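Thank you for asking me to look over this model. My comments are set out below as numbered points, to be read alongside the sequence and the coordinates.

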Amino acid sequence: MDERIVMAYLGKIARIRAKSALAHAVVNSVVSGVFKGPKRSGKGCGSVARSPKRTNKEKLKIAIATEYYYPHIGGITSHVEGFARYCLKNGHEIKIITPDIGPASYTVPLEEHIIRLGHSFPIESNGSVARFSIGAGIVGNACKILEREKFDVVHCHSPLFGGIYFALHRNVQDELMVGTLHTNFNCKSKMLRIFRATHQRYFNDLDYVFSVSQSALDSIERYVKCGPCEILPNGIDVARFQDAKNFSPPKCYHPNRFKIVTMVRLERRSGVLEAIKTLKILRENYGVDAELIIIGDGPERAMLNKMIESFCLAPY
């Protein structure tokens with residue numbers, strides 16, 4: 001079957017599922033009062049005037065809320081894990097609030113610190129695969145979690161995106177509410193434009209806002225006024241690489257071949273599909289004995305494996 005027909009068919013199914021999930025989320029948001037904004041806030045939609053509360057506690061109980069955590073592979077997942085480990089190392093108590101994304105084939109890092117809330121639904125967005133939590137009782141369950149755990153800080157990653165963020169922020173009371181921006185996007189967002197006033201209510205209520213880059217801040221400021229924001233770039237776990245072990249090369253590895261090496265998240269936005277097509281062109285059109293070494297994982301690994309097979313580029 002032609003590659004374009006398969007991709008178009010899969011894209012159509014994904015769009016239908018996404019619309020269904022978003023409709024479900026909107027109905028639940030109306031019923032639970034999410035569109036009214038945080039319960040504790042009376043700031044409305046004016047300019048952001050942030051005067052955050054402070055705590056003198058040396059050891060904090062921190063909720064890290066994220067749509068992206070294992071078994072999902074990606075930058076936010078790594079960021080959350082690294083931040084959680086650093087907090088634990090410094091004596092803080094951590095709970096990672098994240099949706100049920102399905103079974104993992106390995107032991108999930110920091111699994112004993114995880115609270116699952118809602119069910120994760122994949123949505124094609126910005127050339128990638130975004131995730132959105134849905135569930136009939138997600139807002140009520142978020143309220144119960146906050147009442148039970150008594151957090152000092154609720155730190156949400158990618159605020160304004162995902163059901164978990166709104167479910168928690170709707171119900172916070174005395175907790176410090178922190179948001180970290182991660183996403184750089186150039187596409188126009190109908191959802192952010194339509195619900196601009198609601199998003200501004202939530203953003204006005206954040207006590208602290210951080211961004212991993214200026215471009216991530218610029219992307220969101222096209223739709224809401226962020227106010228004071230500190231740029232904190234993503235860190236690198238140097239020890240992880242220092243302790244890395246040398247692995248034997250794969251059986252198909254040939255030292256004399258022309259090699260292309262790419263380290264990417266396995267999704268179309270990363271350009272990995274173009275790399276695979278380039279290998280096919282080099283071999284078939286120019287007779288180059290080349291091989292492509294792909295380092296990474298991601299949501300479209302199975303699709304890319306099928307593409308490699310259809311191009312007859314399996315290891316040899």
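The points below go from the chain as a whole to single residues.

1. Basis of the comments. This is a predicted model, in which local features need pLDDT of at least 70 and side-chain atom pairs count only at pLDDT 80 or more, while totals for chains, interfaces and linings use all residues. Residues are numbered from 1 along each chain as its sequence is written, and side-chain values use heavy atoms, with hydrogens and water left out.

2. The chain overall. The secondary structure comes to 10 helices and 10 strands, where helices (H or I, at least four residues) and strands (E, at least two) are DSSP runs numbered from the N terminus. Of the 316 residues, 44% count as buried, a term that stands for under 20% relative accessible area, with exposed meaning over 50% and partly exposed in between (1.4 Å probe, protein chains only). Among contacts (heavy atoms within 4.5 Å) between residues at least 6 apart in sequence, 72% join residues at least 24 apart.

3. Strands 1 and 2. Strand 1 (residues 61-65) and strand 2 run parallel and are joined by 5 bridges, the criterion for pairing being at least two DSSP bridges between the strands. Ala63 has Lys95 in strand 2 as its bridge partner. Strand 2 (residues 93-100) is largely enclosed by the rest of the structure, because 6 of its 8 residues are buried.

4. The nonpolar cores. A nonpolar core is a set of buried Ala, Val, Leu, Ile, Met, Phe, Trp, Tyr and Cys residues joined through side-chain atoms within 4.5 Å. The largest has 35 residues, of which Ile97, Val154, Phe203 and Ile220 touch the most other members. Strand 1, strand 5 and helix 6 (196-204) are among the elements that each supply at least two residues of this core. Apart from it lies another core of 19 residues, including Tyr69, Tyr70, Val178 and Phe210.

5. His155. This residue is found in strand 5 (residues 153-157) and is buried, with a relative accessible area of 9%. The side chain of His155 makes a polar contact with that of Thr180 at 2.6 Å; such a contact is a pair of N or O atoms within 3.5 Å, where, within protein, one must be able to donate a hydrogen and the other to accept it, and residues adjacent in sequence count only if both atoms are side-chain atoms. Leaving aside residues up to four places away in sequence, His155 touches Ala63, Ile64, Ala65, Phe83, Val178 and Thr180.

6. Val172. Lying in the loop between helix 4 and strand 6, Val172 counts as buried at 0% relative accessibility. Among the residues that Val172 touches, not counting those up to four places away in sequence, are Arg40, Leu146 and Val154.

7. Backbone points to inspect. A cis peptide bond with omega of about 10° joins Tyr70 and Pro71, and Pro71 is placed in the loop between strand 1 and helix 2. Leu110, in the loop between strand 2 and strand 3, has a positive phi near 60° and is buried. Ser158 also has a positive phi, of about 60°, although it is not a glycine, and it lies in the loop between strand 5 and helix 4.
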